[in-house]
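Colleague: Could you take me through one part of this model in detail? I'd like a close look at the nonpolar core and the aromatic rings.

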Amino acid sequence: MADLNLPDELTRLRLKELAEEVRGRFAKKGLSDIFDVLAEAAFLIRKPMETNEISGFSTYFEEQFIVFLNSNFTLGHERFTGAHELYHIIYNPNILKKEKVILDKEKYKEEEEAADIFASEFLMPEDYIKEIFYKIINVDKNSVLPRHIIRMHNYFKVSYKAMLKRLIQLGLCSPDKYEELVKICSIENTEKLQSLTKREGYSTDLIIPSKVTYISKEYIEFVKNNYERGNISYENMKSSFEFIGLTPDDFGYEYPQEEDY
């Protein structure tokens, strides 16, 4: 049987409670989509990064949390990364303020694992998963097919693989089916998954990279204001803009003849 690296039930229930609390907190503001939630909780930047080694990260800069998501990954994967980062900015603020970026995954292994569990609970609420499964699928756990996973992951806007693991975790799909069902989301089966997704009547948006570039307007104003107030140097402003594909020239800033930093 494949090692799915699922959390123990006590840990899962603890993170489920946190996810429900956070979901309810943002629902009161009318926010439910993970990107909308992140844009409210931090400066959100989505863009294709030059590397595919990083799905995303959070940082703390000038008393503000900033979340970067790499849109080179599939949209389903990117949304999961977003929920993972939401955990960090809500429950690990002191770590981010100290480290700026959580680079040492081994040192903070426990929090990294907690962030993944939180993301799963946040995006795929247990009770609602079960309700929708019995409403639109309703088959024995040994009879789950790829088309069933496709219907479910499109409903919850997560990746095929994340949905499959969640169904197994909740006892709706047999763990013995994992190896058989996961094959279709491998890179070599990309076209097959896309074809089956279209046949089921869904777009392929979730299983391809969005490559979208989204930059919070608040982020741009934040950088400009900090430079004009003398909180950051011209070079810091330049690097902050360069990361999002802009330059100080785009906003009429010229290189200072003398900088007092």
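Modeller: Happy to; I'll start with the core and then turn to the rings. Please keep in mind that this is a predicted model. The largest nonpolar core has 61 residues, and within this core Leu86 and Phe122 touch the most other members. Helix 5 (residues 109–123) is the biggest contributor, giving seven residues to this core. If we leave aside neighbours within four places in sequence, Leu86 is in contact with Val22, Ile34, Val37, Leu38, Ala41, Phe118 and Phe122. There is also a second, separate core of 18 residues, with Ile215, Ile220, Ile232 and Met237 among them.

Now for the rings themselves. The structure holds 17 aromatic pairs. Phe57 and Phe68 count as stacked because their ring centres are 4.6 Å apart and their planes meet at 25 degrees. Phe57 sits in strand 2 (residues 56–61) and Phe68 in strand 3 (residues 64–70), eleven residues apart. Both Phe57 and Phe68 are buried. Phe133 and Tyr134 make an edge-to-face pair instead, at 5.5 Å centre to centre with 85 degrees between the planes. Here Phe133 is buried, at 1% relative accessibility, whereas Tyr134 is partly exposed at 47%. Finally, one aromatic cluster is formed by Phe43, Phe61, Tyr219 and Phe222.

Key. Residues are numbered from 1 along each chain as its sequence is written. This is a predicted model: local features need pLDDT of at least 70, side-chain atom pairs count only at pLDDT 80 or more; totals for chains, interfaces and linings use all residues. Side-chain values use heavy atoms; hydrogens and water are left out. A nonpolar core is a set of buried Ala, Val, Leu, Ile, Met, Phe, Trp, Tyr and Cys residues joined through side-chain atoms within 4.5 Å. Buried means under 20% relative accessible area, exposed over 50%, partly exposed in between (1.4 Å probe, protein chains only). Helices (H or I, at least four residues) and strands (E, at least two) are DSSP runs, numbered from the N terminus. Contact means heavy atoms within 4.5 Å. Rings of Phe, Tyr and Trp (its six-membered ring) pair if their centres lie within 6.5 Å; planes under 30 degrees apart count as stacked, over 60 as edge-to-face and the rest as tilted.
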